[in-house]
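Please open the structure in a viewer and follow the stops below in order. Each stop names a selection and then describes what is found there.

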Amino acid sequence: MGGLIKSSIARKVAMALSGLFLVFFLLQHFTINFTSIFSADTFNEISHFMGTNPLVQFVLQPVLIFGVVFHFVMGFVLEIKNKNARAVKYAKYNGGANASWMSRNMIYSGLVILAFLGLHFYDFWVPEIVHKYVEFAPEDPTRYYHELTEKFESHIRTILYVLSFVFLALHLWHGFASSFQSVGFNNKYSVAATKFAKVFAIVIPLGFIIIALTLHLNYVLNH
């Protein structure tokens, strides 16, 4: 870990690998949630499996939490190191000449996503922990769809989720594509990988937006 913090290349590789890990989780999370707009029973069945499977709960979930924390901590470390490296001011500096606006502002989109994760944990993870390990409530395999949909009854909460997914798209637009370069993926498939990353950065956040708006509109139309 000491070498990881000291080496600029190692920090970027670690940042990229943790980001790729989170992208994989994001795809899995989207796939499960997307079933909610087609079949409440399917969503309940998958969620119940994920929520009661010991491997998921006691191995994969801690790994995921560590990955999230590690990715954001490493992001802040890289930002601080980059600012220190630019401590010498130049008479004229055009940041956009060598880097896109998004690449120069990843820290801000990351902070928005971090705030969103706080809200998301408050909405879903904390109640789940309370349900299982504080209240020791009996398990109900049909509760998950209702718990999901009730979060999108509020106009304000739905808007917050939609805005967060927009910032997620901006973050992924640069971060996902650049992660391939950071891990040394530079061959004849590089262009295709970059294009895939750009498509992913649009489609997955857009899919989450569709889920949020669909659940919200279903509530509005039925009340």
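Begin by selecting V68, which is found in helix α4. The model is a predicted one. Is V68 buried or exposed? With a relative accessible area of 18%, V68 lies under the 20% cut-off and is therefore buried. L22 and V68 are 46 residues apart along the chain, yet their C-alpha atoms are separated by 7.2 Å.

Next, turn to the surface and select F21, L55, F58, V59, L60, V63 and Y133. These residues form a nonpolar patch with about 650 Å² of accessible area together. Helix α4, residues 54–85, supplies the largest share of the patch, namely five residues. Y133, by contrast, has its place in helix α6, residues 106–134. Its relative accessibility of 38% makes Y133 partly exposed.

Finally, display the aromatic rings, among which 14 aromatic pairs are counted. One of them joins F196 and F200: the ring centres are 6.1 Å apart and the planes stand at 50 degrees, so the pair is tilted. Both residues belong to helix α9, residues 190–221, where being four residues apart separates them by about one helical turn. F196 is partly exposed, at 48% relative accessible area, whereas F200 is buried, at 7%.

To close, select F30, F34, F38, F116, F152, Y161, F165 and F208, which ring pairs link into a cluster.

How values were computed:
Residues are numbered from 1 along each chain as its sequence is written. This is a predicted model: local features need pLDDT of at least 70, side-chain atom pairs count only at pLDDT 80 or more; totals for chains, interfaces and linings use all residues. Side-chain values use heavy atoms; hydrogens and water are left out. Patches are made of residues with over 30% relative accessible area and no salt bridge: like charges are joined within 9 Å, nonpolar side chains (Val, Leu, Ile, Met, Phe, Trp, Tyr) within 5 Å. Accessible areas come from the Shrake-Rupley method with a 1.4 Å probe; for residues, only the protein chains shown count as cover. A salt bridge is a side-chain nitrogen of Lys or Arg within 4 Å of a carboxyl oxygen of Asp or Glu. Helices (H or I, at least four residues) and strands (E, at least two) are DSSP runs, numbered from the N terminus. Buried means under 20% relative accessible area, exposed over 50%, partly exposed in between (1.4 Å probe, protein chains only). Rings of Phe, Tyr and Trp (its six-membered ring) pair if their centres lie within 6.5 Å; planes under 30 degrees apart count as stacked, over 60 as edge-to-face and the rest as tilted.
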